Amino acid sequence: MTGSAFYRFGLFLARWRWPVVIAWIVLIVIAGYFASQFHNRLTSPTFTTTGSESERVTQLLEDQFAQSFTEQDLIVFESDSLTASDPAFQQVVQTASAAVAEQEGVVVVISPFEEGAQRQISDDGHAAYALVGLQGSVDQRLERVDGYAEAAMAAQTDDVRVMFTGRSPVSNALITVAQNDLEQSETIGLPVALLILLIAFGTLIAAGMPLAAALAGIALTFGTLTIASEFTSFNLLIENVISMIGLAVGIDYTLFIITRFREELNHGRDVPAAVGIATATAGKTVLFSGMTVLISVSGLLIVRAPTFQQIAIGMMAVVPVMVAIALTLLPAMLAILGHWVNRVSIPYLRGAVENPDPETGVWAKWAHLIMGRPVIWAAGTAILLIVLAAPVLGLSLGVSLDAGAAKGMPAGDGFNVLNERFSPGELSPIQVLYQSQDGQLSDGDLDRIADLTARLQNDPAVAQVQSITSILDAAVGGHTAADLQAALSDPQMGERLGLLVNVSGEGNLALVNVVPTVAPDSTEAYDLVERIRDDMIPAVNQGNAAAILVGGFSGEIVDVSQEVLAKFPYVIGFVLGLSFLLLMMIFRSLLLPLKAIIMNLLSVGAAYGLLVLVFQEGWGEGIFGFDSTGIIQVDLPLFTFAILFGLSMDYEVFLLSRVKEEWEKTGDTNEAVAYGLEHTARTITSAAAIMVAVFTAFAFTSLLEVQQIGFALAVAILVDASLIRILLVPATMRLMGHWNWWLPGWLDRRLPQIPLSETSPA
């Protein structure tokens, strides 16, 4: 090992420990300054898919419609004592509508009392809403929406409540909720993590180092992403995701290295040698573990959706930061502390200090017990995992706006009033865009729009439809091209129709707004989008060259769901293929990587199955405090697969590196497995317990998507560290025997040499 580059690097860090630590402190302080601004840079999640039909609708509306709006929000009015016919109620509506209409980015405000307003007063008259059309990018709308809400709510009186709601107002509220959730999760998760580390290490100094390193890495990542936010956007999920993954891998990586360092000190090494050996063994394992996580996460870039790419960028930032801290800052800190790492011991935990990694013990005996009946243990564990994974066959994807998490805030309360007194589809209508290929809209085009309008109105999931033909039919009793031109020349009619026809362009586009009877984030709304695309449009457009596109929020979700399902095989193939190649080079084996991949897929499948039961079927409503929407968030399967596969490989590499280290010395597979499990099981179970605690804390937050992510990660890590590592691995390695290390000679000669284990100096 004295010739190892990693060993020499460890000695270099030990020698130059103070300059390394000081440089890191300066870097972290600078990053902390920028990190404090990261929360204010977050945007709402966007579910657009690059090149999709719904994105095309958005682009055409922005480019071709002078009066188009990219988002429809609502000013909601409610009173217990007054109705919409009372002058006091009407005055509040008029004042709020006029104030919002003057704001930057507002295209139109349609009061419930204006001509052309459709069903904007509740049946009992105690509630009404004004429609607000907004222009601008996602970031611009989020920046402005609080000003809109303040302008509207300034008109509120003791008798009439005023609320401003919609996608951006709800998103802003959820950003606040996410920040509160993060603080709550850290308040629960960090003390539990510290307690587990104290039990594992038996000393306060050693236990505090992984937490300090992880928190420093998270701050550095947030600081880096704050700078990156000048060039790209990050949605509100990123903050929670980076905190979860940063704590997980940061604690894991430092835990591995500190454990090996203490082990070498216990064997009588001096401090520089212990740092060098820990860097050359556990440090190298950390490097390749980080590489497997990066490979897994990078697969998300295949999906043509900004949300996935933002998450991938965030995680691809935090993992290298944690690896860099574990390989540079941590060894330098250990060189400074030396034997002080075992000081400030905890009463009754002296054994963890004096004998940090015993040569024989309960885990070696457990390994021999499992390997005594490998077929029974392997088959039983595999069957259990398959049973747990079975519910995934009923997986249903979608997106929940999760406005219920904003309860008590004006945006959330306005959304609830809308659901109770109006059609919940008012929040985000489905947009059907008719594009003539022959210039201005002709009589034939208008007839087809009228036919489509009639079919939509007859659908039981549609509350109302607004199109140029429905307006013309009501106003003039017909919908010819001549009728349309005459109506456009009238100032009042022209203003209404200008929202639905690109009068400033070629006059070849017509928008049909479809308000569903159901919420825009419901499976019924998604089914409606598919009926419009698959049944209504082909029936209306037979033999014609017109393009009829379906967009809006519900259309976006259908498109991104299809993109996820289409790209899932490619992402899995990419991740599995590269992981297989990396593990084959590391372990010089053809079958060990294959076995590792199969076992990781089993643990991920079990997590998915339980996720479906708890959140989609609603088994966990009472425990986690949510109302089941009958769906799993569309980005969650791919996202959690990437994370879980990478984290599972962490444990695989850590365990098998010690197994291979012993096998190269003895050639005895059974003893090597027992040795590897004995020297890693306590560290793996401690790391897994910390991860489960951190992830479970997020499962009890308010945001449904964060809950689902936290639950899936906690379950998968629990399954992996228990059923996989301490049952399935020893059983299958016993069954495979010498085949564990089989690699064809011709392949061995061609693969790069990446040894994980090295001979220690005397």
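Q: Angles under 35 degrees count as roughly parallel, over 145 as roughly antiparallel, 65 to 115 as roughly perpendicular and the rest as oblique. So how are α9 and α23 oriented to each other?
A: This is a predicted model, where local features need pLDDT of at least 70, side-chain atom pairs count only at pLDDT 80 or more, and totals for chains, interfaces and linings use all residues. Residues are numbered from 1 along each chain as its sequence is written, and side-chain values use heavy atoms, leaving out hydrogens and water. Helix α9 (residues 271–298) and helix α23 (residues 636–666) have axes 8 Å apart and an angle of about 155 degrees (axes are lines fitted to C-alpha atoms, for helices over the stretch in contact, with angles from 0 to 180 degrees between N-to-C directions). The pair is therefore roughly antiparallel.

Q: Which hand does the crossing of α9 and α23 have?
A: Helices here are DSSP runs of H or I with at least four residues, strands are E runs of at least two, and both are numbered from the N terminus. A crossing is left-handed if the near helix is turned anticlockwise from the far one by less than a right angle, and right-handed if clockwise. For α9 and α23, the crossing is right-handed.

Q: How many residues in the contact of α9 with α23 are charged?
A: Contact means heavy atoms within 4.5 Å. The α9 side includes T285 and V297, while the α23 side includes F645, D650 and F654. Ala, Val, Leu, Ile, Met, Phe, Trp, Tyr, Cys and Pro count as nonpolar, Asp, Glu, Lys and Arg as charged, and the others, Gly among them, as polar. That gives 8 nonpolar, 7 polar and, for charged, 1.

Q: How many residues apart in sequence are the parts that F38 and F234 tie together?
A: Rings of Phe, Tyr and Trp (its six-membered ring) pair if their centres lie within 6.5 Å; planes under 30 degrees apart are stacked, over 60 edge-to-face and the rest tilted. The whole structure has 14 such pairs, and F38 with F234 is a tilted one, 6.1 Å centre to centre and 50 degrees between the planes. F38 sits in the loop between α2 (17–35) and β1 (42–43), and F234 in strand β6 (residues 234–235), so the sequence gap bridged is 196 residues.

Q: Are F38 and F234 buried or exposed?
A: Buried means under 20% relative accessible area, exposed over 50%, and partly exposed in between (1.4 Å probe, protein chains only). By that rule, both F38 and F234 are buried.

Q: Which helix does F711 lie in?
A: F711 pairs edge-to-face with F624, at 5.7 Å centre to centre and 80 degrees between the planes. F624 belongs to helix α22 (residues 621–624), so the pair joins parts 87 residues apart in sequence, the F711 end being in helix α25 (residues 704–736).

Q: How are α13 and α21 oriented to each other?
A: The axes of helix α13 (residues 374–389) and helix α21 (residues 591–616) come within 6 Å and cross at roughly 40 degrees. The two helices are therefore oblique.

Q: How many polar residues are in the contact of α13 with α21?
A: L385, I386, L388 and A389 of α13 meet L602, G605, A606, G609 and L610 of α21. By class there are 7 nonpolar and no charged residues, and the polar ones number 2.

Q: What relative accessible area does L610 have?
A: L610 is part of helix α21 and touches L388, F711 and V715, not counting residues up to four places away in sequence. L610 counts as partly exposed, with a relative accessible area of 23%.
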